[in-house]
Amino acid sequence: MDTKELLKKVRKIEIKTRRLSDHIFGGEYHSTFKGRGMTFSEVRQYQFGDDVRSIDWNVTARYNEPYVKVFEEERELTMMLMVDVSGSELFGTTNQFKKEIITEISATLAFSAMQNNDKVGLLLFSDKAELYIPPKKGKSHVLLIIRELLEFKPKSNQTNIAEALKYLTNIMKKKAIVFVLSDFIDEGYEKTLKITGNKHDVTGIRVYDEREENIPNLGMVQMQDSETGTLRLVNTQSKKVRMAYGEHHRQRVKYFQETFTKSGCGVLSCRVDESYVKKLLGYFKRRG
């Protein structure tokens with residue numbers, strides 16, 4: 001992709017997702033993800049209905065009338081986008097790949113954080129950490145993140161979510177809001193997720209294609225595993241084969257949902273042909 005074409009794509013995603021984050025997600029994001037705590041702001045005279053526990057006894061003694069401490073929410077947060085760039089993300093049977101939807105959701109979340117003056121960072125992963133961009137504020141930083149989401153070429157096609165979570169836990173010392181965007185075609189990450197979930201506010205966003213749920217009857221079909229490159233002939237006429245395919249998918253989804261829920265993390269699933277706007281809004285409202 002040449003620079004001109006890349007900038008055009010970045011601009012297109014910015015226009016689409018910025019509008020969403022400005023008009024829809026700004027307030028929802030703010031009310032869903034509260035600040036780290038309360039910081040002391042000022043003292044003022046006691047008013048009827050104030051909590052007596054907030055009385056500042058030193059100031060009260062000095063002026064001989066009650067004064068209370070006023071606290072403000074400490075707003076600044078850090079958002080980390082953990083994005084799966086393995087081979088299976090380049091799959092889609094409708095008009096968009098999973099990767100494209102993941103990029104749009106990531107951009108929407110990044111602009112929502114920017115609007116609230118929060119920092120945003122990016123971790124691209126396959127079966128290892130491929131790229132880490134430390135959290136920073138500002139529009140130019142968000143545009144850099146979008147550029148990487150569009151253009152980055154991973155060294156590996158495979159997936160290891162546990163490795164990515166381990167990397168994040170080691171590198172992020174302060175609590176962050178973490179969104180893991182993937183199709184979650186992986187297992188064995190429950191222990192690592194529990195550790196990450198104890199330290200950070202984690203949400204798994206599963207993006208999938210309808211053809212991953214069930215396979216149509218197309219006769220003998222040659223299929224390729226996008227992560228290992230293995231080719232095999234599959235008889236899709238066989239009801240048994242189609243049922244096994246569907247069951248395998250259901251087990252993976254069950255593992256994702258149960259693992260995230262047990263670790264105290266949020267879960268969200270979005271099919272590539274569904275509105276991720278509605279899904280995100282619904283999730284924010286449920287959590288807010």
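This is a predicted model: local features need pLDDT of at least 70, side-chain atom pairs count only at pLDDT 80 or more; totals for chains, interfaces and linings use all residues.
Figure 1. A residue is called buried here because its relative accessible area is under 20%.

**Figure 2. The pairing of strands β3 and β4.** Strand β3 covers residues 78-84 and runs parallel to β4, to which 7 bridges join it. One of the residues involved is Thr78, whose bridge partner in β4 is Lys119.

**Figure 3. The hairpin of strands β4 and β5.** Between β4 and β5 there are 3 residues, and the two strands form a hairpin. Strand β5 comprises residues 129-136; it runs antiparallel to β4, and 5 bridges join the two. For Val120, the bridge partner in β5 is Lys136.

**Figure 4. A patch of positive charge on the surface.** Four lysines, Lys4, Lys8, Lys9 and Lys12, gather in this patch. Of these, Lys9 is found in helix α1, which extends over residues 3-32. Lys9 counts as partly exposed because its relative accessibility is 37%, a value that falls between the limits of 20% for buried and 50% for exposed.

Figure 5. The loop between α7 (239-262) and β10 (266-271) contains Cys265. With a relative accessibility of 10%, Cys265 counts as buried. Phe179 is 86 residues away from Cys265 in sequence, while the C-alpha to C-alpha separation of the two residues in space is 10.0 Å.

Conventions
Residues are numbered from 1 along each chain as its sequence is written. Side-chain values use heavy atoms; hydrogens and water are left out. Patches are made of residues with over 30% relative accessible area and no salt bridge: like charges are joined within 9 Å, nonpolar side chains (Val, Leu, Ile, Met, Phe, Trp, Tyr) within 5 Å. Accessible areas come from the Shrake-Rupley method with a 1.4 Å probe; for residues, only the protein chains shown count as cover. A salt bridge is a side-chain nitrogen of Lys or Arg within 4 Å of a carboxyl oxygen of Asp or Glu. Lys and Arg count as positive and Asp and Glu as negative; His and the chain ends are not counted. The place of a charge is taken as NZ of Lys, CZ of Arg, CG of Asp or CD of Glu. Helices (H or I, at least four residues) and strands (E, at least two) are DSSP runs, numbered from the N terminus. Buried means under 20% relative accessible area, exposed over 50%, partly exposed in between (1.4 Å probe, protein chains only). Two strands pair if DSSP finds at least two bridges between them.
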